[in-house]
Amino acid sequence: MEILELESFLPYRLYRLADAVSREFSGIYKDSHGLTRPEWRTLSGLGQHGTMTATELGEQSAMHKTKVSRAVAELERRRWLTRTPDGNDRRVEHLTLTRAGLAAYREMVPLAKAFERELLARLSASERTAIVSGVAALESALEVSGKTED
């Protein structure tokens, strides 16, 4: 019988690596602003793109709609975002960061960029080039645009 050795199986290794990086990064936004992973993804999506619907946020972040809904409710409770009903479809709401939400986002951007720099600094220049091009090649091969499943 053939055995699958998980420790050397690339999909499993990529999953574990992504989870480890995500967990390490989550400490930053949890410590600085008390955010969960879905809340961070929602805040950063709105910070990057401006106004979005919950559906668009879910597609952009590859989060299930219930996670988006909970994150939106919590950010609204904090008064970090507002909901505006769509003029043509009452089922749709446009989500936008408030001044406070935008301020929190702007505080976290340098923290996120510093985390990425420090993570990549653990690698040699050739390893950095290899990981960036390797990830881009896999995303292209799988027709993924930086989306992750949660």
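Biologist: Which residues of the largest nonpolar core touch the most other members?

Modeller: This is a predicted model, so local features rest on a pLDDT of at least 70. The largest nonpolar core holds 21 residues. Those that touch the most other members are Leu-35, Leu-43, Leu-46, Leu-57, Leu-81 and Met-108.

Biologist: Which element gives the largest share of this core?

Modeller: The elements that give two or more residues to this core are α1, α2, α4, β3 and α5. The largest share is 5 residues, and the element it comes from is α5.

Biologist: In what order do the elements of the protein chain run from the N terminus on?

Modeller: The protein chain has 6 helices and 3 strands. Its C-alpha trace spans about 55 × 35 × 25 Å along the principal axes. From the N terminus on, the order of the elements is α-α-β-α-α-β-β-α-α.

Biologist: What percentage of the residues of the protein chain count as buried?

Modeller: A residue counts as buried if its relative accessible area is under 20%. The protein chain has 150 residues, and the share of them that count as buried is 27%.

Biologist: Why is the pair of Phe-25 and Phe-115 tilted?

Modeller: The count of aromatic pairs comes to 4. In the pair of Phe-25 and Phe-115, the ring centres are 5.1 Å apart and the planes stand at 40 degrees. Planes under 30 degrees apart count as stacked and those over 60 as edge-to-face.

Biologist: How many residues apart are Phe-25 and Phe-115, and which helices hold them?

Modeller: Phe-25 and Phe-115 are both buried. Their pair links distant parts of the chain, at 90 residues apart. Phe-25 is in helix α1 (residues 10-33), and Phe-115 is in helix α5 (residues 99-121).

Biologist: Is the aromatic pair of Tyr-29 and Trp-40 stacked or edge-to-face?

Modeller: Tyr-29 is in helix α1 and Trp-40 in helix α2 (residues 37-49), 11 residues apart. Both residues are buried. Their ring centres are 5.2 Å apart, with 10 degrees between the planes. Planes under 30 degrees apart count as stacked, and this pair is stacked.

Biologist: Over the face of which residue does Arg-78 lie?

Modeller: A charge sits over a ring if, among other conditions, CZ of Arg is within 6 Å of the ring centre. Arg-78 is at 4.7 Å from the ring centre, and the residue whose face it lies over is Trp-80.

Biologist: Is Arg-79 buried or exposed?

Modeller: Arg-79 lies in the loop between α4 and β2 (81-85). Its phi is positive, about 65 degrees, although the residue is not a glycine. Exposed means a relative accessible area over 50%. Arg-79 has 68% relative accessibility, so it counts as exposed.

Biologist: Is Ala-62 buried or exposed?

Modeller: Ala-62 is found in the loop between α3 and α4. Its phi is near 55 degrees, a positive value in a residue other than glycine. Most residues other than glycine have a negative phi. With a relative accessible area of 13%, under the cut-off of 20%, Ala-62 is buried.

Biologist: Which element gives the largest share of the lining of the second largest pocket?

Modeller: The second largest pocket has a volume of about 270 Å³. Of the 15 residues that line it, the closest to its centre are Thr-53, Ala-54, Thr-55, Arg-91 and Glu-93. Two or more lining residues come from each of α3 (54-61), α4 (65-77) and β3 (93-97). The largest share, 4 residues, comes from α4.

Biologist: How many residues of that lining are nonpolar, polar and charged?

Modeller: The lining of the second largest pocket has 15 residues. They divide into 6 nonpolar, 5 polar and 4 charged.

Biologist: What separates the C-alpha atoms of Val-92 and Thr-53?

Modeller: Val-92 lies in the loop between β2 and β3 and is partly exposed, with a relative accessible area of 24%. Val-92 and Thr-53 are 39 residues apart along the chain. The separation of their C-alpha atoms is 6.9 Å.

Notes
Residues are numbered from 1 along each chain as its sequence is written. This is a predicted model: local features need pLDDT of at least 70, side-chain atom pairs count only at pLDDT 80 or more; totals for chains, interfaces and linings use all residues. Side-chain values use heavy atoms; hydrogens and water are left out. Rings of Phe, Tyr and Trp (its six-membered ring) pair if their centres lie within 6.5 Å; planes under 30 degrees apart count as stacked, over 60 as edge-to-face and the rest as tilted. Buried means under 20% relative accessible area, exposed over 50%, partly exposed in between (1.4 Å probe, protein chains only). A charge sits over a ring if NZ of Lys or CZ of Arg is within 6 Å of the ring centre and within 35 degrees of the ring normal. On a 1 Å grid over the protein atoms alone, a cavity is a set of points where a 1.4 Å probe fits but cannot get out, and a pocket is an open set with protein on both sides within 12 Å along at least five of seven lines; lining residues have an atom within 4 Å of a point. Grid points are joined across faces, edges and corners, and a volume is the space filled by probe spheres set on the points. Ala, Val, Leu, Ile, Met, Phe, Trp, Tyr, Cys and Pro count as nonpolar, Asp, Glu, Lys and Arg as charged, and the others, Gly among them, as polar. A nonpolar core is a set of buried Ala, Val, Leu, Ile, Met, Phe, Trp, Tyr and Cys residues joined through side-chain atoms within 4.5 Å.
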